[in-house]
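Please look through the structure shown here with the sequence beside it, and follow the explanation below from one region to the next.

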Amino acid sequence: DLYGAYLSQYKFKNLQIEVPLGTFIQKESAAELRNTSDALKVLFVGRVYQVKGLMNVVRAAVNLKEVNIKFRIVGPDQAGHLSELVAESERIGVAAMFDWVGPKYGEELANEYDRCDMLILPSFTENFGATVVDALSHSKPALASTFTPWKILEERECGWWVSNEPEKLAETFKKIAALSAEELEAMGKRGRKLVEEKYTWD
């Protein structure tokens, strides 16, 4: 009846359900395992903007000059922050460790995830951080700052949840670079399983 319909509509409007962002699970790729003699390929995907914490990554690189590591930064420049990052990387002598490649979308972006060894999300604030889910769906572990809601990376052993202070980032990357290809692959597989359980649109 009309009264019942009204009550149903009222209850629906006042119902609050927390639904996380999701992803479409990727087909498992047959990527070759990283040779430990190769550079650790670290991917960032997102806006190149102050709040994303990339300046701390640049400054962390000062303590990583003896580590075989390469950072690939994928995303659009915002408010001219890219020039600030490039200038700082040149000033402190770490410019060669960074590739600034601009935004990528669709298949090109999927290829970036497939080709990396891991993702970094060093932000000062994130309400979610969908790139973490996307990386895990490609079976790649992720490092997220403790300013993001990704403690589950640590709990499920599919990544790292650490301070984004340069010293802590450098310390963590030294440990990651020392991991075997098999250890990184196992972390990636655990991450994919987590996505299958909690973060697909299905």
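Ala79 is exposed, because its relative accessible area of 62% lies over the 50% that marks an exposed residue. In this predicted model, Ala79 belongs to the loop between β2 and α3, the latter covering residues 81-91. Most residues other than glycine have a negative phi. Another residue with a positive phi is Glu157, where the angle is near 55° and the residue is again not a glycine. Glu157 sits in the loop between α6 and β6, and with a relative accessibility of 49% it counts as partly exposed.

The protein has 8 helices and 6 strands, and from the N terminus on its elements follow the order α-β-α-β-α-β-α-β-α-β-α-β-α-α. Of its 202 residues, 44% count as buried. Among the contacts between residues at least 6 apart in sequence, 74% join residues that are at least 24 apart.

The average pLDDT of the protein is 90, and 85% of the residues score at least 70. Over residues 3-8, however, the pLDDT is below 50, and beyond near neighbours in sequence this stretch has 0 contacts in the model. Where pLDDT is low, the predicted coordinates should not be read in detail.

Strand β2, residues 69-74, is joined to β1 by 6 bridges, and the two strands run parallel. One of the pairings can be followed at the level of residues, for Leu40 has Ile69 in β2 as its bridge partner.

Helix α4, residues 106-115, has Leu109, Glu112 and Tyr113 as buried residues. These three cover an arc of only 95° around the axis, which puts them on the same side of α4. An α-helix has 3.6 residues a turn, so residues three or four places apart point the same way. The buried residues of α4 pack against β1, β2, β4 (118-121) and α5, while the face turned away from that buried side carries the exposed residues Glu107 and Arg115.

Helix α8 can be read in a similar manner. It spans residues 181-198, and its 18 residues reach 26 Å from the first C-alpha to the last, close to the 26 Å expected at 1.5 Å a residue. Its buried residues are Ala181, Leu184, Met187, Gly188, Gly191, Arg192, Leu194 and Val195. They cover an arc of only 155° around the axis, which puts them on the same side of α8.

The C-alpha atoms of Arg192 and Lys140 are separated by 7.8 Å, although the two residues are 52 apart along the chain. Arg192 is also a contact of Ser139, which, leaving aside its neighbours within four places in sequence, touches Gly188, Lys189 and Arg192. Ser139 itself is placed in the loop between α5 and β5 (142-145), and its relative accessible area of 17% makes it buried.

Strand β5 contains Ser145, which is buried with a relative accessible area of 1%. Not counting residues up to four places away in sequence, Ser145 touches Leu121, Pro122, Ser123, Trp161, Val162 and Asn164. The C-alpha atoms of Ser145 and Phe124, 21 residues apart along the chain, are separated by 7.5 Å.

The aromatic residues complete the tour. A search of the whole structure finds 7 aromatic pairs, and one aromatic cluster is formed by Phe71, Phe98, Trp100 and Phe173.

How values were computed: Residues numbered from 1 in each chain as written. Predicted model: local features only at pLDDT ≥ 70, side-chain atom pairs only at ≥ 80, totals over all residues. Heavy atoms only, no water. Phe/Tyr/Trp six-rings, centres within 6.5 Å; stacked < 30°, edge-to-face > 60°. Helix = DSSP H or I, 4+ residues; strand = E, 2+ residues; numbered from the N terminus. Expected span 1.5 Å × (residues − 1). Buried < 20%, exposed > 50% of the residue type's maximum accessible area, 1.4 Å probe, protein only. Arc of directions from axis to C-beta. pLDDT = per-residue confidence, 0-100. Contact = heavy atoms within 4.5 Å. Pairing = 2+ DSSP bridges.
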